[in-house]
Amino acid sequence: MSYRRLKDNKIYCRYKKQFEKTTALPRCINVAVVGLSGAEKEKGAVGVGKSCLCNRFVRLSSDDFKDDHNSLLSNSDFSGRVVNNDNFLYWGDVIKTSEEGTDYMFRVIEQTEFIDDSTFQPFCGVKTDPYIKRCVATKIESPEKLMYICRSQLGIEEKYEQKVLPPGEFSVDGFLCVFDVSVVPGRSIVKQLETVTNILTNIKNTKKPVVLVTTKNDKFNEAYVQEVQKLVSHSEFKKAIPIVETSAYLNVNVDAAFIALAHIIDRFKGRTKIVPYLESVKTTTS
């Protein structure tokens, strides 16, 4: 091969690599969002904020953020294609870019527990295990399940965007475990600590990464924040669970929680920047 042809070939290879790099598909990350769920006697007057966190993350327009994601359903809503006789929601997918410029496509499910509006008891879905065991499943399947958008969608699904959970098993890459640091009537901090501790222990047994996400920091209780710090310092967790302080209502640190999880999954070599809530909220509102 002549020198000219060799040089031309090297130039072609260089541009080919640059093209492949710029047109590469984003890294796909499958995330399960978990946390205290159940009837009012378990979770108190309102939920811990799993749905609001997911809503804020995947629905990019501020007009698409809803804070009403009541888990009280009719039989027809539970059996409809959005819930699909399961106690989890598929929130669809969204592409986010990390600070170092890596594109990630996140596909998000939320593990919850739906309540029958006639009996006020949890619906028995496809999986009948207790929530703290069921929510850490790493292989999930629900044929023809539609993406959840908002509470008003149920019963009139045909009037909303029709995006289906990809066929086959949804293989969970990592978990976001939610802890509400606001005071909620009817919910004790002891109950939430017990539930989240059990969930984290079960996640640890799956050997999947987890980030602990504190929600509703816009109305946080300092004692609750301290309890969360104590929780992750337990010897069984080896101080290896990062905490990201968020507010879905104010859209503070929501993307950061998912990016932090993606970095753990990808074994990111750099330093993942996790900004404390009070510092981050100043930047967001300034």
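These numbered points describe the sheet, the nonpolar cores, the ring pairs and a few single residues of a predicted model.

1. Basis. Because the model is predicted, local features are reported at pLDDT of at least 70 and side-chain atom pairs at pLDDT 80 or more, while totals for chains, interfaces and linings use all residues. Residues are numbered from 1 along each chain as its sequence is written, and side-chain values use heavy atoms, with hydrogens and water left out.

2. The sheet. Six strands form an open sheet with mixed pairing, in the order S3-S4-S1-S8-S9-S10. Strands here are DSSP runs of E with at least two residues, helices are runs of H or I with at least four, and both are numbered from the N terminus. Two strands pair if DSSP finds at least two bridges between them. S3 and strand S10 (243–245) are the edge strands, each pairing on one side only. Neighbouring strands are turned by 25 degrees against each other on average, direction ignored. The axes behind such angles are lines fitted to C-alpha atoms, for helices over the stretch in contact, and angles run from 0 to 180 degrees between N-to-C directions.

3. Strand S4 and its partners. Strand S4 (residues 103–111) has seven of its nine residues buried; buried means under 20% relative accessible area, exposed over 50%, and partly exposed in between, with a 1.4 Å probe and protein chains only. Strand S1 (residues 27–35) runs parallel to S4 and is joined to it by seven bridges, and Ala32 has Ile109 as its bridge partner in S4. Strand S3 (residues 88–97) pairs with S4 in the antiparallel sense over nine bridges, with Phe88 opposite Gln111. S3 and S4 form a hairpin with five residues between them, and Gly101 in the turn has a positive phi of about 95 degrees.

4. Strands S8 and S9. These two strands run parallel and are joined by six bridges. Phe175 has Val210 as its bridge partner in S9.

5. Helix H3. H3 lies across S1, S3, S4, S8 and S9, and runs at about 155 degrees to S4. Nine of the nine residues of H3 are buried, so the helix is largely enclosed by the rest of the structure. The charged end of Arg56 sits over the ring of Phe65, 3.9 Å from its centre; the criterion is NZ of Lys or CZ of Arg within 6 Å of the ring centre and within 35 degrees of the ring normal. Lys145 has its charged end over the ring of Phe88, 4.3 Å from the centre.

6. Nonpolar cores. The largest nonpolar core has 37 residues, and those with the most contacts inside it are Val33, Phe106, Val108, Leu176 and Phe258. A core is a set of buried Ala, Val, Leu, Ile, Met, Phe, Trp, Tyr and Cys residues joined through side-chain atoms within 4.5 Å. S1, helix H3 (50–58), S3, S4, strand S8 (174–180), strand S9 (210–215) and helix H8 (254–265) each supply at least two residues. H8 gives the most, with eight residues. Apart from this core lies another, of 34 residues, among them Val172, Phe175, Leu193 and Val228.

7. Phe258 and Phe57. Leaving aside residues up to four places away in sequence, Phe258 touches Val31, Val33, Leu53, Phe57, Phe106, Val108 and Leu176, where contact means heavy atoms within 4.5 Å. The structure holds seven aromatic pairs. Rings of Phe, Tyr and Trp (its six-membered ring) pair if their centres lie within 6.5 Å; planes under 30 degrees apart count as stacked, over 60 as edge-to-face and the rest as tilted. The rings of Phe57 and Phe258 have centres 3.6 Å apart and planes at 5 degrees, so this pair is stacked. Phe57 lies in H3 and Phe258 in H8, so the pair ties together parts that are 201 residues apart in sequence. Phe57 has a relative accessible area of 0%, and Phe258 also has 0%. Ring pairs link Phe57, Tyr104, Phe106 and Phe258 into a cluster.

8. Trp91 and Tyr148. This aromatic pair is edge-to-face, at 4.9 Å centre to centre and 90 degrees between the planes. Trp91 lies in strand S3 and Tyr148 in the loop between strands S6 (139–140) and S7 (170–171), so the pair ties together parts 57 residues apart in sequence. Both residues are buried.

9. Arg134. This residue lies in helix H5 (residues 131–134) and counts as buried at 6% relative accessibility. Arg134 touches Asn87, Gln111, Thr112, Glu113, Lys127 and Asp129, not counting residues up to four places away in sequence.
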